[in-house]
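Hello,

Please find the structure below, followed by notes on what was found in it.

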Amino acid sequence: MPVRRVIVTGGPGSGKTTLLAELASMGYATVGETARAIIAERRALGSSPRPDRVTFAREILRRDIAQYVGLPHNSDWVFFDRGLIEAVGGLHEVAPLPAGELAAMLAAYPFHRSVFVLPPWRAIYVNDDERDQTFAESVEVHARIVGWYRSCGHTLHEVARLP
């Protein structure tokens, strides 16, 4: 049976990491968000949290491709905290890719057509060492993400706000 890769997405601070931790506790394979890892590594080195936008987008994409191809083939369902489709969109936002290259990149790394979206949730939003955006910026990121997945033909399923 092929690995089914499913994306859980939403703006910063919407509860993705918590949801993926719960899925992992239920035995599902999960893949963490690359951007947070990069920011944490840079902070640990005493660098600014993010390099310039193009360098950051390219590094996220590089790591997301490595995570995608490095998945064990014995997993059935794998849930991604964001993922490669967003990495392609992020790079395309700051350094537009030619249409053919964009389509080829998206086709080379398929994901389940259904994407689970966590909406902005002010009640749980907090800043931390890797999240320095404001809640308003989180709402803007959410809108861009939703638009990107729709433009790529994915079906979005909003996850209810639950304890």
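**Notes on the structure**

Val-141 is part of helix H6 (residues 135–151); helices (H or I, at least four residues) and strands (E, at least two) are DSSP runs, numbered from the N terminus. This is a predicted model, in which local features need pLDDT of at least 70 and side-chain atom pairs count only at pLDDT 80 or more, while totals for chains, interfaces and linings use all residues. Residues are numbered from 1 along each chain as its sequence is written, and side-chain values use heavy atoms, with hydrogens and water left out.

Val-141 counts as buried because its relative accessibility is 14% (buried means under 20% relative accessible area, with a 1.4 Å probe and protein chains only). Not counting residues up to four places away in sequence, Val-141 touches Gly-11, Pro-12 and Arg-82 (contact means heavy atoms within 4.5 Å). Pro-12 is 129 residues from Val-141 along the chain, and their C-alpha atoms are separated by 7.6 Å.

Strand E3 (residues 77–81) has four of its five residues buried. E3 pairs in the parallel sense with strand E1 (residues 4–10) over five bridges (strands pair if DSSP finds at least two bridges between them). Trp-77 of E3 is the bridge partner of Arg-4. Strand E2 (residues 29–31) also pairs with E3 in the parallel sense, over three bridges, and there Val-31 has Phe-80 as its bridge partner.

Regards

Technical notes: Buried means under 20% relative accessible area, exposed over 50%, partly exposed in between (1.4 Å probe, protein chains only).
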